[in-house]
Amino acid sequence: MRWSPKNLVPGIRHLFRRRSPGDVQLGQVLIDRGIITAEQLEIALAEQRKRLIETGQAVRLGHVIADLALASEEAVVEAINENFRLSVASLSDNIRELILRQRGPLAERLPPPAIPIWLKLCIGALLIVAVTIVSFSTIIINKQKARLFDQTVMVGTVSLNYFANNARIPLIDDDILSLNTLIKEATDTEGLRYAVVTDTRGLIRAHTDVNRIGTPLSAATPTQPPVTRGKVSYYSFVTPTGEQMLNLYRDVLFQEKILGTVHVGVSLDFIEHLVAREKGSIIYVTLVMMTIGLAIAVYLGLRFSRPITQLVAATEAIGKGDYRHRVELNRQDELGNLATAFNQMGEELLRHTLTRQSFGKYVGEEVLEMIIADPEKMWLKGHKNDATILFADIRGFTAYAESRDPERVVEMLNTYFDIATRAILDYGGYVDKFIGDGVLGVFGVPVYRNDHVERTVRAALDLMEQLRSRNNQGNPLLSSVGIGIHTGPVVSGNIGSPAKMEYTVIGDTVNLASRLSSLARPGEVLVTDAVVCALRSLIQVESAGDRTVKGKTAPVPTFRVLSIKQRPHVKSVE
């Protein structure tokens, strides 16, 4: 296409026109390329909105499409690269920035100007001072100019009336000498440039310039239409030399008969000189006031911008998790109050974070999230649910601890607790409590999962495997752990008093798991027939006999777990 002036304006508009990668929607590109359908795009957009509402963070459409398995990440990346002519490696790249950098208009590629507050205050103060002084000065000068003009008209009118009243008799007698004597001293009056007396024929009978006596009076060209006040009329004009003049004139009357006309010329340049002088004074005062205003604005701007800069830095630090960051502002104003409130907020966030971290170690992360999301929720007040209980206990711990140093015993016990806790959490359970040397792990509440029985058995076998692998570290407790597992109904919820509450599980299922744990030999995982029935196709067991358990009238069939079929996706919270 040839260049022409007609293409210039649209080209400039295109250059600075605000465009976004959304002009060509990624979803439409994928539809056009047959990667997804319109229905799948609607599903992805709905999921994108849902995630935005739930998390408060925007998720890129490409990620949503890949997460929902509507299209592979490779296909989406390839479509983006081909459509926008990029070299994106993955959806994690900042695609929008790359598009703007390569294809965006100049106005979007240029970084936005960063104007500090102190500079904005300075510019604002200068504008306010300048506009205020200029506005008031213009009004005052215009009023003064109008007043001076009125005074000039008044002075010219007085002279004009004097000449008109004293020119009657000489005009009747055609006494040119007397007429010229009358106006001879006219130019001695400041600002009065000429005086002229003409007869009814328009011939000059008297003039401050005697050479023009007897010649016709040539009228000047008015710059504005003449104005009449009573018997006097006037208009302004500009002489060939550039001087501004005010010409006043009136008729000379005798018994209502016109004998002639008197003209008086008064210079208006002195008004302009006075105005120019006043403007100089105003400019000087304006510069002085702007300098003072600039100094005050810089002082105030820095005084206000520095605390704001500190608050911004503190906000960024808080956003990165540095809740110990503090703002040091010794001010007795709103900014000082804001700094104090900000520091208090940091202290509260730090306290809540420490509380959350500490509390999470006791109740588990999932339980903690549910408590924080809805502390008054009914599930915390006691409900009957199906769950699986894992109870791990150390054989012979009491006898072992009697002859050992307490600090050393606690150290070895904590190692065991750490291994047990990690194994339980890895499979989606939570540690309900530590009872002496025992660990109570719960699966299925408060977060219910259909495969909670399988998760429990896998966690127990994984725990035993980790204990065996770390048994060579000189900790004899790791080889003395027995585990009991039972599944069934439990009551879960808050138990305690208003002063001390504990989220836990109670019921016969918990008691039976505890009894099995005490019957299990070191390195052995005992389960009930309920567990075996639930995992019949996955678990391999051997009978451990019918055991008499406290609280049960009939013997309880027990089984020793040998192995379980591998399903790698189970290990992790899903």
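1. The side chain of Ser267 reaches the backbone nitrogen of Asp269 at 3.3 Å. A second polar contact, of 2.8 Å, joins the side chains of Ser267 and Glu243. A polar contact here is a pair of N or O atoms within 3.5 Å; within protein, one atom must be able to donate a hydrogen and the other to accept it, and residues adjacent in sequence count only if both atoms are side-chain atoms. The model is predicted: local features need pLDDT of at least 70, side-chain atom pairs count only at pLDDT 80 or more, and totals for chains, interfaces and linings use all residues. Residues are numbered from 1 along each chain as its sequence is written, and side-chain values use heavy atoms, with hydrogens and water left out.

2. Ser267 is placed in strand 6 (residues 257–267). Helices (H or I, at least four residues) and strands (E, at least two) are DSSP runs, numbered from the N terminus. With a relative accessibility of 2%, Ser267 counts as buried (buried is under 20% relative accessible area, exposed over 50%, partly exposed in between; 1.4 Å probe, protein chains only). Not counting residues up to four places away in sequence, Ser267 touches Gly191, Arg193, Glu243, Gln244 and Met245, where contact means heavy atoms within 4.5 Å.

3. The loop between strand 5 (244–254) and strand 6 holds Gln255, and Glu256 is placed in that loop as well. Gln255 has a positive phi of about 55° although it is not a glycine. For Glu256, also a residue other than glycine, phi is positive and near 65°. Most residues other than glycine have a negative phi, and most peptide bonds are trans. Gln255 is exposed at a relative accessible area of 69%, and Glu256 is exposed at 75%.

4. The peptide bond between Val445 and Pro446 is cis, with omega about -5°. Pro446 is in the loop between strand 9 (438–443) and helix 16 (452–469).

5. Which residues of helix 10 are buried? In this helix (residues 176–183) they are Leu179, Asn180, Leu182 and Ile183. Seen down the axis of helix 10, the buried residues fall within an arc of 150°, so they line one face of the helix; the arc is that of the directions from the helix axis to the C-beta atoms. Leu177 and Thr181 are exposed residues on the face of helix 10 turned away from its buried side. The packing partners of the buried residues are helix 8 (117–166), helix 9 (168–173), strand 1 (192–199) and strand 2 (204–207).

6. Two of those partners, strand 1 and strand 2, pair in the antiparallel sense over three bridges. Strands pair if DSSP finds at least two bridges between them. Val197 has Ala206 in strand 2 as its bridge partner. The hairpin of strand 1 and strand 2 has four residues between the strands, and Gly202 takes a positive phi near 85° in this hairpin.

7. The whole structure contains 15 salt bridges, each a side-chain nitrogen of Lys or Arg within 4 Å of a carboxyl oxygen of Asp or Glu. One of them joins the side chains of Arg229 and Asp150 (3.8 Å, N to O). Arg229 lies in strand 3 (residues 227–229) and Asp150 in helix 8, so this pair ties together parts that are 79 residues apart in sequence. Arg229 is partly exposed at 45% relative accessible area, and Asp150 is partly exposed at 37%.

8. Asp508 and Lys552 also meet through their side chains in a salt bridge (2.6 Å, N to O). This pair links distant parts of the chain, 44 residues apart: Asp508 is in helix 17 (residues 508–519), and Lys552 is in the loop between strand 13 (539–547) and strand 14 (556–564). Asp508, at 40% relative accessibility, is partly exposed; Lys552, at 29%, is partly exposed too.

9. Glu524 lies in the loop between helix 17 and strand 12 (525–528) and Arg560 in strand 14, so the pair ties together parts that are 36 residues apart in sequence. A network of salt bridges links Arg521, Glu524, Glu542 and Arg560.
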